[in-house]
Structure formats: C-alpha cells, structure tokens
Amino acid sequence: MTSPTRDSAPTPSPDSGPTPGPDSGAIPGPDSAPAPGPDSAPAAGPDSAPAAGPTPPPGCPAHSGGAPSRERLESLHGPEFAADPAATYARLREHGHIARVELSPGVPVSLVTSYQTALDILRSPETFAKDARHWQALADGTIPLDNPVVPMMMYRPNALCSDGEAHHRLRAAISDTLDRLDIHALRRYVERSADFLIDLFGPKGEADLLKEYAARLPLLVFNQLFGCPPELSDKLVRALSALFDITEDSEQANVLLAETLFELIALKRATPGPDMTSWLIAHPSELTDEELVHQIVVLVGAGTQPQQNLICNGLLLLLSDERFAGALAGGTMLIEDALNEVLWKDPPLANFCIHYPRHEVTVDGHRLPKGEPVVISLAAANNDPYLLSNRRGNRAHLAWSAGPHTCPAKDPAQVIAAVAVEKLLDRLPDLELAVPAEQLEWRPGPFHRALAALPVRFPRTAAKSDEALAEMVAAATATGAGAVGSTPPVAGETSSHDGPAETEPSADDTSTTTASTSAAPESGSEHEARRRWWKSLAQWWRRG
C-alpha cells in the first residue's frame, strides 16, 4: 500500500482507522482544578526535536510564533468555522505549517496544519509533553479555570495526559482491558442494538439519525461494555456532549461527569461483572478510584461523541456523494471505504492531540514557546495539499493520532461504526436525506466535526420488536457470553481453570463457559423483568 507523500518524499504511515480513541481524543475528567506542575524536563538535544523546516517569509505572523495582535487570530469556536473549516485551514496555511489560532476567547494556541509536521510532533515525546501541568498560562492564572475549553485541556491522571512511566502504566490497564473484548460478540450486540433503535423510528418513515440513532447506539453499547445502568449512562452522555460543544455549562458538566462515574465505580466494586469497569478495577495496576474515573472517561468519551460523529458523517457521505448514490447495496467494503474517506476528510475529532513544549523550540521556522499549547489539526493535516490525492484504501490518516499516544481502541471502534451503518442501510435500503446536504448545520466547537442534525426519510417499515427485544434480553442476561466476555475472578478466589485467580482464561475455557451459560436459561420472572426494562427504555427514548 502506498502511503501519502509530501514534497515527493516518503511519509511514514501511522496506525489508522475510524474514531479517535482513548489515548488520542479529547476526553475530559472530573477534576475541577489542574494539579501542580511537574518539574520541567531537561531540554532535549538537537537530535531529539523535530527537524526544522523552511522559514516563513518576513512579516508573517508565524515567523515569530505569534500574531501581531490577538484580534487577528483565526477563531475556531464560532459558527463560521463550523460551517466551513476548510476555508479557515486554507488561510492558516498561508502562514506556513503552524499558525496561531484562538480555541476560545482568550485561549491562543499554535495549530499544526501540516501532515509531516504533525507526525514529527506526535512522535517526539522528549520535546513535546502531553501533561497539561506544563501549560503556563493556566498555571499562572492568565487563563481562568472557568474558561470553557479548560475542562477539555487540563491535566488528568489518565493515559491521555501522562508521559513516561505514568503513561505506560495507565495505558497498559486500558490496553489489557480492551484485549479482553470479544469482537465477534461485540458485533452481534451492535446489530441487536441497531435493530432495537430502528424499530423505534422505522414505522414513522422519517427520523433524525443523529438524535434517534447515532447518539443512542453508542449509549446502548456503553451500557453493555461497562455494565452501566441507563440512568447513569444518560447522565454521562449529557455531560460529555456539553464538554465537546464547549458550552457555558462545561464546568457544571465536568462535575456531573465525576459524580456519575464515582457512582458507577462504587456499583462495580460492590457487584463486579463481565464488563470493562470491573476489569479495570481488577487490573494488576491497582488503579485508585480517581484513576479509574479518568480512564473510564477517556474510554467513554472516545466511544460516544466521536463515535456518533463518525457514524453521522459516514452516513452523510454515503447519502449525498454521487460516487455512492445508487450503490448502497455494495456491501461492507463500500461502507469501509466511505468511513475511511470520512476519517481523511472530516475526522470526528478535527483538532486535538494537545502537546506542550518542554522548552522553547523552533519547528519548521515557527517559534513555539515553552508551555504554550500546540494543537494538532487532524483535519487540516489529513487534507494537506502536499499529500497524494488518491487515498482510496490508504489508512495512513491521523484520525487515530500517532506515536506513543496512538489510540489502542481502533478495532472495537471500527466494528461499532461499520456495523451501525451497515445495519441501517440493510434495514432501510431506500433511505435518503430529507434536506439537501448543503443545508445541514454543523455544531460549533473547536475540537469536533459534528452535525447538528441528520434528517432522513424512507418508506415505512414494520418493527421487529419481539425478535429484537428477545435478542437484546438474551445479550443483557448472558453473563458469560456477553459482548465483553466472562466475569473476572473475585480477589482471593480461584478461577474456573488451573492457575492463579488473575490469570486470563484460555480460549477453550471461555468457550466452555459460554456453552454452559447458554445452556442455563433465565427464569420467567427474570426474563419478564428484563423485558420491562427494555420497554421502559424504548418509552423513555420516544418521549425524548
């Protein structure tokens, strides 16, 4: 596979795929204030910093690392940027590979718009830290804590915001937990969840796919993967939505997020199950409750807002681009091609991967002050005019980030997005946009690329309620054969196989457990309780 090239020179290909995941996306946590800053790392030697590029022309704002005045900074937080980000990126490229922008009022950052420069920075942890305690303007109070972007940028004790050994320890807990997922079972659960949601709006012949499908499917998947009851997951999604949109309620949403996750952790400590929350609690890293909160926020955040944006942006491309029009029966490969193109052109997280120079450094002729945020524009870098134009089948985009913080959750994210689109088009093959694509609105916000709504129409279809409901009940009650695997052993107990309790079951053991669990159907009262639970969920969503 040929990788994109820049100035006719080969470009290394980072791992790539759909949604920006736990270690690459913008996922906040519940702290209300940044922790004290770390000791500044020693200045990296000349060989460790990214190679310097051509110097911008004299008089260019990028020449000195800043604009002549704050008023001249391009804004990434208004409706104009949301409506046409490509125009903003084109203007910024006139200043070179890096340009100063304003993420929100009073928050200047350096935005990287070059693919190669982005790779250089992402792969240089010795020069660029992820730990936001290096952010000097926040530490000295120049930027107040109530600024709406602070909850998305401040330090958290999670894998995303850590460096060195701390990053290795926290990332290991996430990676080991993700490795326990049964991808095939996950696919089946996404299909059942999709059928359940389509049944709710299918008989109407019209829907807002953002509100009624893309935003709710990750919620159902989250319920299953993390063992989260719907009353908690609803609060989590509302809090994360407010943080991604950078609203005035960001600080309040941050508090709600913390409170909800501490409730979930207390619940899973008391009653562990076959879910990712319980697995993180039982991990040998022995995460504290605070650390657990922050790792779960990274995982949940990566699996909700960015995931719903990827699903919606992929559906928009399939329904509006003449290359796909009339060929929606083309199968899974067509859908994967469309999602890959979205990740190149309109990644769900457009601008993030925030870094902080450990010392003043010059990159591509741009002076980057110590401790001032450097933001990677994943969207602008992916659309760098120096890259090859033919990217079909090429997965070297930066939607997953690159370097030590490359997203570890690409496989489950790929499954969720692809199955969601595939199932919808299979059930509703005559689906079409209810308004012209150019009339759709995009939600303002510096970090994401998110539609405000995706209205569609289609021939009314009969619901598969009983069948879908029965499958959802079976999935929810199969403790050994659920989407995430078998229940982790309780400390002090032996597992069902030979060896210490913390040893992972073998494939054969898992199969045996699955068969055994499947052979023991639930009682009539248990089945009826589960059925009432799903019906109440459907009624709640219809009211919404």
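Predicted model: local features only at pLDDT ≥ 70, side-chain atom pairs only at ≥ 80, totals over all residues.
The side chain of His-448 reaches the backbone oxygen of Pro-444 at 3.4 Å. Residues are numbered from 1 along each chain as its sequence is written, and side-chain values use heavy atoms, with hydrogens and water left out.

**Around His-448**
- His-448 lies in the loop between strand 12 and strand 13; strands (E, at least two residues) and helices (H or I, at least four) are DSSP runs, numbered from the N terminus.
- His-448 counts as buried because its relative accessibility is 4%; buried means under 20% relative accessible area, exposed over 50%, and partly exposed in between, with a 1.4 Å probe and protein chains only.

- Three strands form an open, antiparallel sheet in the order 7-13-12; two strands pair if DSSP finds at least two bridges between them.
- Its edge strands, each pairing on one side only, are strand 7 (206-208) and strand 12 (432-433).
- Strand 7 is joined to strand 13 (residues 455-457) by three bridges, and the two run antiparallel.
- Look for Glu-206, which stands opposite Arg-457 in strand 13.

**Strand 5 and its partners**
- Five of the six residues of strand 5 (residues 107-112) are buried, so you will find this strand mostly covered.
- Strand 4 (residues 98-104) pairs with strand 5 in the antiparallel sense over six bridges, and Val-101 has Val-109 in strand 5 as its bridge partner.
- These two strands form a hairpin with two residues between them, and Gly-106 in the turn has a positive phi of about 85°.
- With strand 11 (residues 374-377), strand 5 pairs in the parallel sense over three bridges; there, Val-112 has Ile-376 as its bridge partner.

- Helix 17 (residues 410-427) has 18 residues and should span 26 Å at 1.5 Å a residue, which agrees with its end C-alpha atoms being 26 Å apart; the expected span is 1.5 Å times one less than the number of residues.
- Of those 18 residues, 14 are buried, leaving helix 17 mostly covered.

Conventions:
Polar contact = N/O pair within 3.5 Å; in protein donor to acceptor, adjacent residues only side chain to side chain.
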